[in-house]
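Hi,

Here is the structure I promised to pass on. Have a look at it first, and then read my notes below.

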Amino acid sequence: MINFEYLEPASLEEAAGYLKKYSYEAKLKASGISLLLLLKQGFFTPGYLISLLKIKNLSYIKTDDSKNLLIGALATHREIEMSEIINSHFYALAEMEYDLGSVQIRNRGTIGGCICHGDPLIDPPAVLIALDAGAKAFSLRGERIIPFSEFFKGYYETALEQDEILTELVIPKIPSNAGCAYIKHTLRKAMDKPFVGVAAYLEIDRNTGICSNSRIALGAISPTPVRAIDAEEMLIGKRLDNQTIDNIFRDYELEDMEFSYDIRCPSDYKKWTTPVIIKRAVKTALERASKE
Amino acid sequence: MAKRKIKLDINNNIYELEIEPNRILADLLREELGLTGTKKSCDIGVCGSCTVLLDGKAITSCITLAVDCVNKKILTIEGVANGDKLDRIQEAFVDRGAVQCGFCTPGMVLSAKALLCENPNPSEVEIRRAIAGNLCRCTGYSKIVEAIKSASG
């Protein structure tokens, strides 16, 4: 295990001060679930590890006055999985957490740490993009919101600047005529990271049954999550039912997309299965959007 | 790297320690405190053999820094029995033949304990999900699930 100086700031300002002072010598850490694996292997060798665990009030799960969901960066996966607000109003997030890692990992791992790690083979990004969510970043220069569609930049790389700290996830209220679903495809149920993780979001006009808006986000297939814009466009303006969805996706192929190889799944397999998972996720989202 | 003085509450005993901040909880328990009931196998948070309870919740101690456990209650397998009297989960494991080589057993028992504290009457699916992060390469899990079921209620 590498050596490092362990800093435990009690406030965001103090943490941001350390980041400014030690610059690229420092690395932020929440529970360390993902980071410790890389530190043990000597993959990263930060001189200073800044733990955020002593900062209070960063693990909330609440809604604001407009019913948007706010999740503190230190909320654990398990807290999100079990949250009543999320299960009632943002179910796709709970569904995503349900099969993420094991109970042990979900008990300790934080949503903020998971996202900032920037590993492409994780579940949250696709759902966050499909829900049009944003990341609130704090630095001594001020705060800004980064849409999750622009947050992931590559392997272990995010849009956060060196001096920024992710503090909150902001997820817009889901209208009553909308539905979202996350389906992951992997080896087993437990523990495994996704080969393919598809989140589908649909808004359906209640009077006509026509799809008025759609976002489909694909996780784990490439170095960053991507939107399947062509699939979204095929759905918008159509009156959807399961048969129509089958027809729409009959010959659908993700032609221009880069599918990366990972140790458990060849890229060809990802390419073949992704359209199937998209179809399933869209059907589930439709079912949810159609429910009163 | 400067050592720091910390106090850890392990099995209701307060340990006053001087450790490096990069000390991993599983290593500290095994190498410095002699609590070798906590096993290490994969060392990357996948197999669950290093499971301990932190404030009642199952965690993998192989990817946890010991300094992050200050002001929290740690329960290891050594703290589960009451003196010579086994916990009912441990008894059930013995009675149902849920132990073969035994390497996964401490982690299994602790995952089961966390589950039963939270949910005293779990379904089979809930039991299987609670131990999904604990690998056993001997039993095929049936006896373990049976044992946890029989210790519930």
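Helices (H or I, at least four residues) and strands (E, at least two) are DSSP runs, numbered from the N terminus. Keep in mind that this is a predicted model, where local features need pLDDT of at least 70, side-chain atom pairs count only at pLDDT 80 or more, and totals for chains, interfaces and linings use all residues. Residues are numbered from 1 along each chain as its sequence is written, while chains are lettered from A and ligands numbered from 1 in the order in which they are written.

On confidence, the model scores ipTM 0.96 and pTM 0.96.

Let's start with chain B. Strands E1 (residues 4–10) and E2 (residues 13–19) of chain B run antiparallel and are joined by seven bridges. Across that pair, Ile6(B) faces Leu17(B) in E2(B). E1(B) and E2(B) make a hairpin with two residues between them, and Asn11(B) in the turn has a positive phi of about 50°. E1(B) also runs parallel to strand E5 (residues 73–75) of chain B, with two bridges between them; there, Ile10(B) is opposite Ile74(B) in E5(B).

Now chain A. An open sheet of five strands has the order E4-E5-E10-E6-E7 (chain A), with antiparallel pairing. Strands E4 (61–63) and E7 (142–147) of chain A are at the edges with a single partner strand each, so one side of each lacks a neighbour in the sheet. From one strand to the next, the twist averages 25°. (Axes are lines fitted to C-alpha atoms, for helices over the stretch in contact, and angles run from 0 to 180 degrees between N-to-C directions.) Within this chain, five bridges link E6 (residues 134–139) to E10 (residues 165–171) of chain A, again antiparallel, and Gly134(A) has Val170(A) as its bridge partner in E10(A). Helix H1 (residues 12–22) of chain A packs on the sheet, touching E6 and E10 of chain A, and its direction makes about 125° with that of E10(A).

Finally, how many residues does each chain bring to the contact? Chain A gives 19 residues and chain B gives 22 residues, where contact means C-beta atoms, placed from the backbone, within 7 Å. On the side of chain A that touches chain B, H6(A) gives the most, with five residues.

Enjoy exploring!

Conventions
Contact = placed C-beta atoms within 7 Å. Pairing = 2+ DSSP bridges.
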